[in-house]
Amino acid sequence: MDYVMRSLRAEEWPLARQLRLDALQDPAAPVAFLDSYEAAVARPDAFWQDRTAAAAEEGGDVRQFVAESPEGEWVGTVTVLIERPEDDVRFGLPAEVNQGHLVGVFVRPELRGARVTDALFRVAVDWAWSLSAPRLERVRLYVHENNPRAAAFYRRFGFVPSGQRMPVPGPGPGSGAGERREWELEYVIERG
């Protein structure tokens, strides 16, 4: 594969912003992201600068990886959040052990199935396992119950359903009386 998987750099915030906006316009966005294009596009440059700097910082609790084409186009991304039992919960169930949490997974539609996602996941999970402080015991992610394509990829990569689930945050289907609630399902991969 001619694509390069790498950490983003703080000064690349305009590219990070654009990739996120592209992801939020993808047809799968409503079941893949807990964000909307309208909210994201309205955020000021300072938000994107801070977000990118935090995800690029060596030794931080967030690391964003991008897939870059031979022509320099960003074609995919995944972010790893480090979670400890004592941390405030960002999303999902509280961490029971030191763990990584994969979020913001996106690969341009024309490259899905071309092993770019596999390569992004490999670099993200390998980075998580490489940490010594804290040493991570598992990596998790959440997938919407109505996103079978993503769930199939996660299982193929080695993630397994933990049996834990949580309601999709915010208003939406299932928030009214008598409506069916939608769920995010937790998938995990254990160290070793």
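Helices are DSSP runs of H or I with at least four residues, strands are runs of E with at least two, and both are numbered from the N terminus. The model is predicted: local features need pLDDT of at least 70, side-chain atom pairs count only at pLDDT 80 or more, and totals for chains, interfaces and linings use all residues. Residues are numbered from 1 along each chain as its sequence is written, and side-chain values use heavy atoms, leaving out hydrogens and water.

**View 1. Arg20, a residue of helix H1.** Arg20 lies in helix H1. Is Arg20 buried or exposed? Arg20 has a relative accessible area of 14%, so Arg20 is buried. (Buried means under 20% relative accessible area, exposed over 50%, and partly exposed in between, with a 1.4 Å probe and protein chains only.) Arg20 touches Phe33, Asp35, Trp48, Arg51 and Gly104, leaving aside residues up to four places away in sequence. Contact here means heavy atoms within 4.5 Å. Arg20 and Gly104 are 84 residues apart in sequence. Their C-alpha atoms are 8.3 Å apart in space.

**View 2. Helix H1 and what covers it.** H1 runs over residues 13-24. The expected span of a helix is 1.5 Å times one less than its number of residues. The 12 residues of H1 should therefore span 16 Å, and the end C-alpha atoms are 16 Å apart, which agrees. Buried residues of H1 include Trp13, Ala16, Leu19 and Leu24. Their cover includes helices H2 (29-32), H3 (37-41) and H4 (45-56). Strands S3 (74-83) and S4 (99-107) are also among the covering elements.

**View 3. H1 packed on H4.** Two packed helices are described by the angle between their axes and the distance between the axes. Axes are lines fitted to C-alpha atoms, for helices over the stretch in contact, and angles run from 0 to 180 degrees between N-to-C directions. H1 and H4 pack at about 100 degrees, with axes 9 Å apart. That makes H1 roughly perpendicular to H4. (Angles under 35 degrees count as roughly parallel, over 145 as roughly antiparallel, 65 to 115 as roughly perpendicular, and the rest as oblique.) H1 brings Trp13, Ala16, Arg17 and Arg20 to the contact. H4 brings Asp45, Trp48, Gln49, Arg51 and Thr52. By class, this contact has three nonpolar, two polar and four charged residues. (Ala, Val, Leu, Ile, Met, Phe, Trp, Tyr, Cys and Pro count as nonpolar, Asp, Glu, Lys and Arg as charged, and the others, Gly among them, as polar.)

**View 4. Helix H5, largely enclosed.** H5 covers residues 116-130 and has 15 residues. From first to last C-alpha, H5 reaches 21 Å, close to the 21 Å expected. Of the 15 residues of H5, 11 are buried, so the rest of the structure largely encloses this helix. Among them are Val116, Leu120, Phe121, Trp127 and Trp129.

**View 5. H5 crossing H6.** The axes of H5 and H6 (residues 148-157) come within 11 Å and cross at roughly 55 degrees. The two helices are therefore oblique to each other. On the H5 side, Thr117, Asp118, Phe121, Arg122 and Val125 make the contact. On the H6 side, Phe153, Tyr154, Arg156 and Phe157 do. The contact has five nonpolar, one polar and three charged residues.

View 6. Arg115 sits in the loop between S4 and H5. Arg115 has a positive phi of about 75 degrees, although it is not a glycine. At 49% relative accessibility, Arg115 counts as partly exposed. Pro134 sits in the loop between H5 and strand S5 (138-144). A cis peptide bond joins Ala133 and Pro134, with omega about 5 degrees.
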